[in-house]
Amino acid sequence: MAIKFGVAGSGSWATALVKILTDNGHKVNWCLRNEASVAFIKQRHHNPKNLTAAVLNTRLLHLTTDLAALVDRSDVVILAMPSAYVAATLQVLAPDAFGNKKILSAIKGILPVENVLLNEHLERNFDVPLTNYFAVLGPCHAEEVAAEKLSYLTFSGVDEAFASRIAAHFKSSFINTVVNEDILGVQYAAVLKNIYALGAGIAHGLDYGDNFQSVYIANSADEMAGFLRKFGAEHIVVGEHDDLDHPGKKYANYSASVYLGDLLVTCYSLHSRNRTFGNMIGKGYSVQAAQLELRMVAEGYNAAKCIYNTNKSLKADMPIADTIYQILWEQLPPAKGFEKIEGFLI
C-alpha cells in the first residue's frame, strides 16, 4: 500500500524530495512558509526561491501552510528544514501530534539550543520512539536531483523493513537507494562532514591547493571515524563487509556512500553551501558577512559549536574540528588556524 507523505520545509532539499516523490507518481502533502509560495507554485510549477530549475507536478501536490493539517493527513512526515529552525517550527504542534506517525528526517544538523539530534528532540517533546524515526541522507545535492543526475540516497532506521518501504517510493531512474540501521551514526556523520567541508572551503579561500586538500580531507575522514567509534558506531573498518550475525548479508562499512562518500562530495562540490561559506571565511569575510552573502544556511557553522560541546564529554581526538570551531566562534584568524591544522596532518 502506498505511503502518504508529508514534507515540511521550503528549501532546496525539501523541494528536491518533493520532486523525487511526485516524479514517481506519489501524492505529496507539502507545508510551505507562506501563502505567496503556495500560490506561486500552483501557478508556475516551481519553487519561487529555491531549486527553481525543478519543475513540479502540481496535480500530485496538496499545498498548505498549516503544519498540523499536514501531519494529520500524512503517514510519514518528512522534516526538511535547517536544524536551527526545527524547534520553533514544531512548537505549534500538540504534544501528541505525531501519534503513530513515522518521521523521516532530512535534517543534516544538530538542534543548536538543545545540542541534540532531531530524534532526541522528538522523543523529549512529542514522545516519538526511535522505532518510528528514520533519516534520509546523501551524498545527494539538490541541484543534481533537479538536473536528474544519478544520485544515491541512504534511508536509515532501526526498523530496516519500514526503511526499505520508504526507500522504494524514492527509487527511480536517477535515484538509487541504500538502507541501513545505523540511525545515530549516519546522522552524526552528516553533521561532521559539514564542519569538515566548511574547513575545506576555508582552505580554498586561503589558496591552499589540491595536494593539501586531499591530505586535509583524508585526515578529516579519519577524525570523523574516530568520533563515530567513540560514540559507539559499528562497522567503521574499511574493507570489511561481512555481517557475522547474519551470514550471507553484507553491511555498509565506513567507506560507504553515506559516510565517506557524503564527506567527499560536500568537501569538493561547488554545489556545497558549507564549502562556499568556508571559502568566504578564508577570503576574509566575517561570519555575519558570509551569512548575508550566502542567503542560505550553512549547517557546518552551528554544527561546529554543537560538536565542540558534545565532545567535551565524549573526548574524541578532534584537532581539525576544534580548530574550525575556534575560527568560526572564537575569532581565531583563518590563516593561523590552518597553520595549526598543518601540524596535525599525517
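Student: Which residues of α8 meet which residues of α13?

Tutor: In this predicted model, Tyr188, Val191, Leu192, Asn194, Ile195 and Leu198 of α8 meet Glu299, Gly300, Tyr301, Ala303, Ala304, Ile307 and Thr310 of α13. By class, that contact has 9 nonpolar, 3 polar and 1 charged residues.

Student: Why is α13 called oblique to α14?

Tutor: The axes of helix α13 (residues 299–314) and helix α14 (residues 319–329) come within 9 Å and cross at roughly 120 degrees. Angles of 65 to 115 count as roughly perpendicular and those over 145 as roughly antiparallel, so α13 is oblique to α14. The crossing in which α13 passes α14 is left-handed.

Student: Which residues make the contact of α13 with α14?

Tutor: On α13 they are Gly300, Tyr301, Asn302, Ala304, Lys305 and Tyr308, and on α14 they are Asp322, Tyr325, Leu328 and Trp329. These residues divide into 6 nonpolar, 2 polar and 2 charged.

Student: What makes Phe277 stand out in the largest nonpolar core?

Tutor: That core has 79 residues, and Phe277 is listed with Phe98, Tyr196, Tyr216 and Leu228 as having the most contacts inside it. The largest share of the core, 14 residues, comes from helix α8 (residues 183–205). Leaving aside neighbours within four places in sequence, Phe277 is in contact with Leu198, Val287, Ala290, Gln291, Leu294, Ala298, Tyr301 and Leu328.

Technical notes. Residues are numbered from 1 along each chain as its sequence is written. This is a predicted model: local features need pLDDT of at least 70, side-chain atom pairs count only at pLDDT 80 or more; totals for chains, interfaces and linings use all residues. Side-chain values use heavy atoms; hydrogens and water are left out. Axes are lines fitted to C-alpha atoms, for helices over the stretch in contact, and angles run from 0 to 180 degrees between N-to-C directions. Helices (H or I, at least four residues) and strands (E, at least two) are DSSP runs, numbered from the N terminus. Angles under 35 degrees count as roughly parallel, over 145 as roughly antiparallel, 65 to 115 as roughly perpendicular and the rest as oblique. A crossing is left-handed if the near helix is turned anticlockwise from the far one by less than a right angle, and right-handed if clockwise. Contact means heavy atoms within 4.5 Å. Ala, Val, Leu, Ile, Met, Phe, Trp, Tyr, Cys and Pro count as nonpolar, Asp, Glu, Lys and Arg as charged, and the others, Gly among them, as polar. A nonpolar core is a set of buried Ala, Val, Leu, Ile, Met, Phe, Trp, Tyr and Cys residues joined through side-chain atoms within 4.5 Å. Buried means under 20% relative accessible area, exposed over 50%, partly exposed in between (1.4 Å probe, protein chains only).
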